[in-house]
Amino acid sequence: MTPKKISYSNTAASVLKELERRGFEGYYCEDSEEAVQQVLSLMKENTTAASGGSVTLAETGILEAVKNGNYTYIDRMAAKTPEEKREVYGKTVMADYYLMSSNAITLDGQLVNIDGNGNRVSCLITGPKEVIVVAGMNKLVSTVEEGVHRVQNMAAPPNGVRLGLKTPCAMLGKCGSCFGPECMCSQIVITRMCKNKRIKVILVGEELGF
């Protein structure tokens, strides 16, 4: 095992304790392959599943595994009209499982997420029966403030490019505190506690997503 992998494992062990202290159910996986199996082990078959936009879920192969598994996957990308999008969102809120990543996770176990439309963070907060959060070790930060800065200046710029947006961060590579219609930072949500272990957090010993 490389020094980085050992460090990841040691750090994850302490973060998992903090997550558990805050009511989350935490897991650590050495790599993406293990993460896929961990996610599937948490999901009962013949249930409904949905997901937020996530590069991490795609990179790990988790999204593909769920779509190809014995689950009814609610595909938000299939909705084209406003009416269809509203209908899909209604189904998403009532899903058995909601999969997503977290923009940042503090070393003391808080989730930091920033959203443009709010659909992802709203499902994190309430709605789906269970939420499964998958995050690479590159998402760990020391404080909530550092987490917000990380999202706005390190995650949002490449995400804006990926989505073809013309936000200041996508064009300049740093946050411009914009107020335009394409702004990805409308909602800033800090999840400092979880009730009834509804939220499962899986840390993966790799650098994943933005």
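Tutor: Let's start with one term: two residues are in contact when they have heavy atoms within 4.5 Å of each other. Keep in mind, too, that this is a predicted model.

Student: What share of the contacts in the chain with a separation of 6 or more comes from residues 24 or more positions apart?

Tutor: With contact defined as heavy atoms within 4.5 Å, such residues account for 74% of those contacts. Val133 gives an example of a contact list: leaving aside neighbours within four places in sequence, its partners include Met100, Leu111, Leu124, Ile199 and Val201.

Student: How many of the residues of the chain count as buried?

Tutor: Buried means under 20% relative accessible area, and 48% of the 210 residues count as buried.

Student: What makes a set of residues a nonpolar core, and which residues have the most contacts inside the largest one?

Tutor: The members must be buried residues of kinds such as Ala, Val, Leu and Ile, joined through side-chain atoms within 4.5 Å. The largest core has 27 residues, and Ile105, Leu111, Val133, Ile199, Val201 and Leu203 have the most contacts inside it. At least two residues of this core come from each of α1 (3–21), β4 (97–100), α6 (119–125), β7 (130–136) and β10 (199–204). Helix α1 supplies the largest share, 5 residues. Apart from this core lies another, of 20 residues, among them Ala35, Leu42, Leu99 and Val204.

Student: How do you know that β6 and β9 pair?

Tutor: Pairing needs at least two bridges. Strand β6 (residues 111–115) is joined to β9 by 5 bridges, so the two count as paired, and they run antiparallel. Here Ile114 stands opposite Ile188 in β9.

Student: Why are β8 and β9 said to stand at the edges of their sheet?

Tutor: The order in this open, mixed sheet of 4 strands is β8-β5-β6-β9. Strands β8 (140–141) and β9 (187–191) each have a single partner strand, so one side of each is left without a neighbour in the sheet.

Student: Which helix lies across these strands?

Tutor: That is α7 (residues 144–162), which lies across β5 (104–106), β6, β8 and β9 and runs at about 35° to β6.

Key: Residues are numbered from 1 along each chain as its sequence is written. This is a predicted model: local features need pLDDT of at least 70, side-chain atom pairs count only at pLDDT 80 or more; totals for chains, interfaces and linings use all residues. Side-chain values use heavy atoms; hydrogens and water are left out. Axes are lines fitted to C-alpha atoms, for helices over the stretch in contact, and angles run from 0 to 180 degrees between N-to-C directions. Buried means under 20% relative accessible area, exposed over 50%, partly exposed in between (1.4 Å probe, protein chains only).
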